[in-house]
Each structure stands twice: as structure tokens, then as C-alpha cells.
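Subject: Structure for your review

Dear colleague,

Please find below the structure that I am handing over to you. My findings follow directly after it, and I would be grateful if you could read them alongside the coordinates.

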Amino acid sequence: MAEEEQSSKKQSLKLMGILDIQNTPCAREALLHGAGGSVVSGLAYFLATSRVKRSFDAGVAGFILTTLGSWFYCRYNNAKLRVQQRLIQDGIKKKVMYEGTSLDPSRKPRGDDGGSQT
Amino acid sequence: MAHPSQLGFQDAASPVMEELLHFHDHALMIVFLISTLVLYIIVAMVTAKVTNKYIIDSQEIEIVWTVLPAVILTLIALPSLRILYLMDEINDPHLTVKAMGHQWYWSYEYTDYENLGFDSYMIPTQDLSPGQFRLLETDHRMVVPMESPIRVLVSAEDVLHSWAVPALGVKMDGVPGRLNQTAFIASRPGVFYGQCSEICGANHSFMPIVVEAVPLEHFENWSSLMLEDA
């Protein structure tokens, strides 16, 4: 188990020695989308204009914009998921702690006064 | 804890530190892309063969390189401000611990229920047991219950100190005559190391902080034992 963790950490690719692509959520997807966007935009510009050097400029611009867009979109959804996860964890904790008591979050409010008396 | 030649953060042990890690990844990706763009522009400028002497201005590019950085800065600032205010929230702490900085050790006081106080000195290198960490271990750890909000009141008895534990995302200056407040929640059990983070004299590097997060039952047993020994 420890060996598997160590081998997976050794294989992680770090961009500029700092950004861990494997272990950072959304990083790998963003960079792959960026690479694809770069190829598409560069190729499209070249096919439209036949200007080689400017096509490279378009490719770099496509890479940056696609990576940024994919990154922000994925991170936003990731953040929403983390908030939901935390709410669920808190809910489970509260449920476990307060089950059977008046503070039970899943307890439906009763119509009659007083509720159950134990 | 930190490992040799580490460049990045330690694994998060508190929700605030998790958020800080996420924000760091976010800002780093933006920085990486800007660096890529700048590097590309430098290479393009250096390898350009044509020099155009007749360009006076260009409204389009001026607009682009004004609006785009403003948008990027906004996209960095919004999560940054969110975390800034998140770090200031202290919601009903279950325990308050006073951390007092001295030259050159920390002392901790748990005075919520009983009067428990003890000093925390670094274990010298020659007295370490096998497996212990050099310059990080202390004779008494600050033990706290896990998954509970803990308030830490930091001050100092003599000169400036700073109580910092990177894994918990906590750093607070200890100023003589002033009480600074910070809080954290240890989301998992473990031992978390930190070091004094404000220059305080000859042994500034030799007054570490060790926080041990344990289940509540273990914390109660520990505090009973500490009170008996006191």
C-alpha cells in the first residue's frame, strides 16, 4: 500500500517543478484541453490565412484561452462539489449525533403539540 | 510534515488549509499561463526579422492588454478575498488554548475547565529517539481533540514570537502585552509540526511547535494525566 502510494507520487509530473499535474484536480484536463485548443486554433488560422508565423501566435493564444477557460469551469464545479461534500459530511455527523432526539435533522415536524414524550 | 527538498505545501490537516491549497493551485495555474505567454512573446521578439518603424499606436491591442489583466486579477481576487474572510471566522470554539512564547520555548495553558499549563521545549538532537525528527520534536505536545474548533490565544512574555503550524494553515504573531486570536479545526488525527516564525534571538530556530490531534476520549485521558502529573 505504501509502495503503491510512493510509486504514484514518483510518477507525478510537475510543471516547472511546482505544479503537480497528476495530483492537482482539473490540471490535467485543463492542459489537455489547452493542447487541443491550441492545435485547433493554430490549424484553423493557417488554413484560413496560410500565414505560418501568425498561426503559431494563434496557437499560443488558443492554448492560453482554452486552458484558462477549462480550468475556471472545472475549478468552479469542483468548488461546488466540495461545498456539497462538506454539507453532506456535516449532515451525516449531525444525524449520527442527534438521531432519536428532538434535534434529529431528518425528523419530520409533527402536527400535534409536545411531540413524543420519553 | 515536510520532507527534504520539498517545494510545495504540506498536506492539509484543516479545512482552511485545504482551501488555501486549492487557491494556490488556482493562482499557480494562472501564473504558469502568463509566464508561458511572456516567454513566447520574448522568443518571438528576439527571433523576429522585420522591424516596423511606422507603428504609432493600436487601439485594439491597448484595449486587450488592459481589459484582460483586469479580468484575470478579478478572477484571482474573488477567491482570495473569500478565503481571507473565511480565515477570520471563529465559530463557537470547543476549547481555548493559550500559547505563550518565551525565549526559547512555548508554554501552553488549558484553563477552560481546570488549570493545566506546561512548557514545551525542543528535544536536543543528542536526546532524540530513533524515528524522531531533528529540531522539530518537543518534550510536551499541544494535544487537541480532532474535528473540534480550537481557539488559540497567542502572546509572548519577552520578545516577538510567532506560532505557526503549516499543515493546519495557522500562523499568528505573539506580541508581548497583546493577545492575538486564531482558530483551527484538525480534520484528521495526527501530529503536526511547526516552528517559531518571528526572529526572537539566538535560539529562534530551536523552539518548535508540535500539535497532536487525537479523538476526544484520548484528549480527556491525556488532560487527566497531565493534571495528575502537575
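The notes below go from conventions to chain A, then to the interface and to some local features.

This is a predicted model, in which local features need pLDDT of at least 70 and side-chain atom pairs count only at pLDDT 80 or more, whereas totals for chains, interfaces and linings use all residues. Residues are numbered from 1 along each chain as its sequence is written, chains are lettered from A and ligands numbered from 1 in the order in which they are written, and side-chain values use heavy atoms, with hydrogens and water left out.

Chain A

Chain A contains three helices and two strands, arranged α-β-β-α-α from the N terminus on. Helices (H or I, at least four residues) and strands (E, at least two) are DSSP runs, numbered from the N terminus. Of its 118 residues, 24% count as buried; buried means under 20% relative accessible area, exposed over 50%, and partly exposed in between (1.4 Å probe, protein chains only). Among contacts in chain A with a separation of 6 or more, 43% are between residues 24 or more positions apart, a contact being heavy atoms within 4.5 Å. The chain exposes about 8800 Å², and carbon and sulfur atoms supply 60% of that area. Accessible areas come from the Shrake-Rupley method with a 1.4 Å probe; for residues, only the protein chains shown count as cover.

Within helix α3 of chain A, Ser70(A) is buried, at 13% relative accessible area. Leaving aside residues up to four places away in sequence, Ser70(A) touches Glu29(A), Ala30(A) and His33(A).

The interface of chains A and B

In this interface, 24 residues of chain A are in contact with 22 residues of chain B. The area buried between the two chains is about 2100 Å², and carbon and sulfur atoms give 71% of it. On the chain A side, Trp71(A), Phe72(A) and Arg82(A) lose the most area to chain B, together 22% of what that side buries. Buried area here is the accessible area (1.4 Å probe) that two parts lose on being put together, summed over both.

The structure holds seven salt bridges over all chains, and three are found across the interface of chain A and chain B. A salt bridge is a side-chain nitrogen of Lys or Arg within 4 Å of a carboxyl oxygen of Asp or Glu. One of them pairs Glu18(B) with Arg86(A) at 3.8 Å, N to O; this pair crosses from helix α1 of chain B to helix α3 of chain A. Both Glu18(B) and Arg86(A) are partly exposed, each at 29% relative accessibility.

Arg86(A) also forms a salt bridge with Glu19(B), with the closest N and O atoms 3.2 Å apart. That pair likewise runs between the chains, from helix α1 of chain B to helix α3 of chain A. Glu19(B) is buried, at 4% relative accessibility.

Within chain B, Glu19(B) meets Arg82(B) in a salt bridge at 3.2 Å. Arg82(B) lies in helix α2 (residues 59-87) and Glu19(B) in helix α1, 63 residues apart. Salt bridges that share partners join Arg82(A), Arg86(A), Glu18(B), Glu19(B) and Arg82(B) into one network.

Local features

Most residues other than glycine have a negative phi, and most peptide bonds are trans.

- Gln103(B) and Trp104(B) are joined by a cis peptide bond with omega of about 5°; Trp104(B) is in the loop between β1 (95-102) and β2 (105-110) of chain B.
- Ser50(A), not a glycine, has a positive phi of about 60°. Ser50(A) sits in the loop between α2 (27-49) and α3 (52-98) of chain A and is exposed, at 53% relative accessibility.
- Glu147(B) has a positive phi near 55°. Glu147(B) is in the loop between β4 (142-145) and β5 (149-156) of chain B and is partly exposed, at 40%.

An annotation from UniProt

The UniProt record (unreviewed entry) places the feature "domain: Cytochrome oxidase subunit II transmembrane region profile" at residues 1-91 of chain B. Such annotations may be inferred rather than shown by experiment; positions are given in the numbering used here and feature names are shortened. In the model, this span is 68% helix and 0% strand, with its end C-alpha atoms 27 Å apart.

With kind regards
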